[in-house]
Every structure is written in C-alpha cells, then in structure tokens.
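The stops below go one selection at a time.

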Amino acid sequence: MKKQLHNLREKYKGTKFSPVFNAFHTFLYAPDHVAGNSGAHVHDATDLKRVMNTVIMALVPCLIFGMFNTGYQHYLALGEIERVTSFFDTSFWNLDNFSLGLVKVLPLVLISYGIGLGIEFIFAAIKGHEVEEGYLVTGMLVPLIVPVDIPLWMLAVAVAFGVVIGKEVFGGTGMNILNPALTIRAFLFFSYPTWMSGDKVWVTGAVERNNEIANGAQLDAISGETVLGELAQGHQVTYSVWEQFMGFIPGSVGETSTIIILVMGLFLIFTKVASWRIMLSAVVGALVMGLIFNGVTNMGWITPTNSFYGLMNLEFWQHLLIGGLAFGIVYMATDPVTGAQTLKGQWWYGFFIGFISVMIRVFNPAYPEGVMLAILLMNVFAPTIDYYVLQGNMNKRLKRLKVKSA
C-alpha cells in the first residue's frame, strides 16, 4: 500500500492534481513527512485538523438532535403524536422522527460539503497550495443555521458565494475576516428574504400533504413561526421554559436545544479549542442588554402596543433559550480566525456580541434573530479591538519605563 501511495504521489507531484491527492491522502492516513531537517521546531499535538475535528464532534449531537426534532415537529403539527415533557420521552426519540429528519437534513449537508469542498479543491489546484481543513467546520455549520425547507439550489448558490467571496478572495483559511458560515447565512437573508424571514424562517414542519384539505384549499406544506418570531410579533407562546431549554420547539436544525449546546460548549472549553472568555462575556452582554430592556418596561416607558414590546418584556435570561443566540455564541463567536486574539480583547469582543444581538433582536421585529449581524459586525471590529488592547499594553510599559528611568 505504501509503495502504491508513493508511486501515486510521484505521479501527481508538481501537477495541479497534487493538492487534491495530498488532501485525500492526509485525510485517510497520517502524513509520513516531518517538519524539516534543520532549525528548531516546536512539537505540539494541536494542529488545524485536530481543531476542526474537535469542533465537528461538538456539532454532531446538535445535528442528530435536530433530525429528531424535525420529525417531531412534523408529526406534532399533524396531530399524530403528543407534546413531550421529558428529555427521555420515547415519542421524541423514535425512528420515525429521525427518518423524516434525515431525509430533510441530509441533502443540506451533502450540498454544503459538495459545493464548498469542490470550490476548495478547484482553488487549491489553480493556486497550487494544499487543501485546507477550514471548510470542514463551515460545511457542518451551514446546514444547522438555515431553514430545513430551503430550496437546495438557493443553498448551493449561497455556499458558492460564501466560499469564494467570504474566504478564498482573502487567501483561504486563516485569512478571512468574516465567518464563512455567517457570510453564507447573510447572503441568503439579503438575497432571498422571503425564505429566511417571516413565517418561512426556521420552519421545521414543511412536508408534502397532498391529501389534506383545509378551508377548501389543498395544502402543500405545514408552516409556522418559531418562539422568537411569535414574541417579535407580540404573540403569546405556548412553549414552556423547559421545552425551550430542552429544544422541543420549532427552529433551525441545530439551534433549538440549549442544553446540548451548553454541554458541547463545555466540551470545547475543556479541549481548549474555544475561548471561554468569549462565551462568558457574550452571555454577560446578552443578560445586561436584557436587563436594561426589562428595566425600561418595568418603568412603564414602553407600552404593550409597541411592536417590539414582546421581546423587550421577555425575561432577560430567556433570550439565551430561544433563537440562535446560544448556538452563535458557542460555535461561531469563538471562531479563532475572525474573533479577537488578545485575552482582554476577547472579553470586549464577546460582550458586544451578546449586547448587540439582544439589541437587534428587540428593536427589529422584522428580523428578531440578531446574532448573525452582531457576530459579523464584531468580526469587522475584532482587529481594531486587538489594536487598542496592544496599544494600551505598550503605553503602560512605556510609562513604567519612564518612571524607572526618571
């Protein structure tokens, strides 16, 4: 086998297909080359592939739960099953729910990886550099943050845009200034708003119902708003806090279960892949903004007739249980490429993500899910935050130097 691989490597060496071969080779086998024959080298178990694989492992539970929830929301809407109240209720964890969810979600995963990795291979062959593992995480994130019933051609166009414009034009993995998954999500939102907002957003129960008749019209799909959408319109929600925490609510594939996101966030912190400073400060920022809004409503400055009263009056801590705020904080705000690099900068970076997310969520009922815009905005300001943190440290050292030399 090694001899055959060596022959293939020699065959493709120096050609445009060399990066493609090396990508498949190193994906299946550990590379047999070393750092070099001269100079000092630091040996560490952490590399890009390990980091990407760790994040993917943390995303898989969200994906599996999302498949079960997709089927559950479908059959619940049809009235074929009862609402569950326990995380271990068998009516949720049954094969029918998973089978339907798999049929709905798997095409999104295949399109995401097929289009995204295909473009990565093309750019690697054209530029002559190795294929990087950065899209492995992006390819998993994308299906988890889009509506499950989004047309596949829309997703394909958005993925192509996100990979080319949001990543490759900047030089590839490690050089992009915006989170690629959120760039794809933003492209979908601004290009196809009717599919990404209103009563179509985060729909998990869309299925064919050719034999169902209601009000004299033939129904093709089941559609409904999420908890966040209902609150944004000033409606009362029927889901309990427990259901919201467990994830038994309509929503995007990977963002409904706060408890799974919390556990996986602790896993990423334990493996030192994600920054706990960003996560904690983002949670604090969201809670602070929520407390401010609660204080405003308690003082009577805002009346229930205002369009954004529902979300403003929501308990400050409940913002973390609905929508994609928790998912965005754990998996996308902590992106090491587009986030702040300095330790002090991470505190400010995360705080403003949580703070701005709740602010957009409340003040813009037409788009109550503000975490995407908040993270993209802070991606742009992350270098500025790091700059001022470094300048502050240098100024402190210069002052110490002047005091000692005086």
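Start with the whole chain. Of the contacts between residues at least 6 apart in sequence, 72% join residues at least 24 apart. Contact here means heavy atoms within 4.5 Å. The protein chain has 16 helices and two strands. Helices (H or I, at least four residues) and strands (E, at least two) are DSSP runs, numbered from the N terminus. Buried residues make up 49% of the 406 residues. Buried means under 20% relative accessible area, exposed over 50%, and partly exposed in between, with a 1.4 Å probe and protein chains only.

Two notes on reading the model. This is a predicted model, where local features need pLDDT of at least 70, side-chain atom pairs count only at pLDDT 80 or more, and totals for chains, interfaces and linings use all residues. Residues are numbered from 1 along each chain as its sequence is written, and side-chain values use heavy atoms, with hydrogens and water left out.

**Stop 1: helix 14**

Select residues 325-332, which form helix 14. How many of its residues are buried? Eight of its eight, so the helix is mostly covered. They are Leu325, Ala326, Phe327, Gly328, Ile329, Val330, Tyr331 and Met332.

Beyond four places in sequence, Gly328 touches Ala333, Val371 and Ile375.

Move to Tyr331. Not counting residues up to four places away in sequence, Tyr331 touches Ala58, Leu59, Cys62, Leu141, Ile261, Met264 and Leu268.

**Stop 2: the largest nonpolar core**

A nonpolar core is a set of buried Ala, Val, Leu, Ile, Met, Phe, Trp, Tyr and Cys residues joined through side-chain atoms within 4.5 Å. The largest one holds 99 residues. Which of them touch the most other members? Select Leu59, Leu188, Leu268, Phe327, Tyr331 and Tyr349. Then colour helix 3, residues 48-78: this helix gives the core its largest share, 13 residues.

**Stop 3: helix 12 against helix 14**

Show residues 276-298, helix 12, beside helix 14. Two packed helices are described by the angle between their axes and the distance between the axes. Here the angle is about 155° and the axes are 9 Å apart. Axes are lines fitted to C-alpha atoms, for helices over the stretch in contact, and angles run from 0 to 180 degrees between N-to-C directions. Helix 12 and helix 14 are therefore roughly antiparallel; that label applies to angles over 145 degrees, while under 35 counts as roughly parallel, 65 to 115 as roughly perpendicular and the rest as oblique.

Met279, Ala282, Val283 and Ala286 in helix 12 meet Leu325, Ile329 and Val330 in helix 14. By class, that contact has seven nonpolar, no polar and no charged residues. Ala, Val, Leu, Ile, Met, Phe, Trp, Tyr, Cys and Pro count as nonpolar, Asp, Glu, Lys and Arg as charged, and the others, Gly among them, as polar.

**Stop 4**

Select Ile269 in helix 11. Ile269 is partly exposed, at 27% relative accessibility. Beyond four places in sequence, Ile269 touches Ala274, Trp276 and Met279.

Step on to Lys272, in the loop between helix 11 (258-270) and helix 12. Is Lys272 buried or exposed? Its relative accessibility is 75%, so Lys272 counts as exposed. Check the backbone too. Phi of Lys272 is near 60°, a positive value in a residue other than glycine. Most residues other than glycine have a negative phi.

**Stop 5: helix 15**

Go to residues 343-363, helix 15, and pick Gln346. Gln346 is buried, with a relative accessible area of 9%. Leaving aside neighbours within four places, Gln346 is in contact with Ser275, Arg277, Ile278, Ser281, Ala340 and Gln341.

Phe351 is also in helix 15. Phe351 is partly exposed, at 22% relative accessible area. Outside four places in sequence, Phe351 touches Ser281, Ala282, Val284, Gly285 and Val288. The C-alpha atoms of Phe351 and Ser281 are separated by 4.6 Å, although these residues are 70 apart along the chain.

**Last stop: Asn97**

Finish in helix 4, residues 95-127, with Asn97. Its relative accessibility is 1%, so Asn97 counts as buried. Leaving aside neighbours within four places, Asn97 is in contact with Met67, Phe68, Gly71, Tyr72, Tyr75, Ser91 and Phe92.
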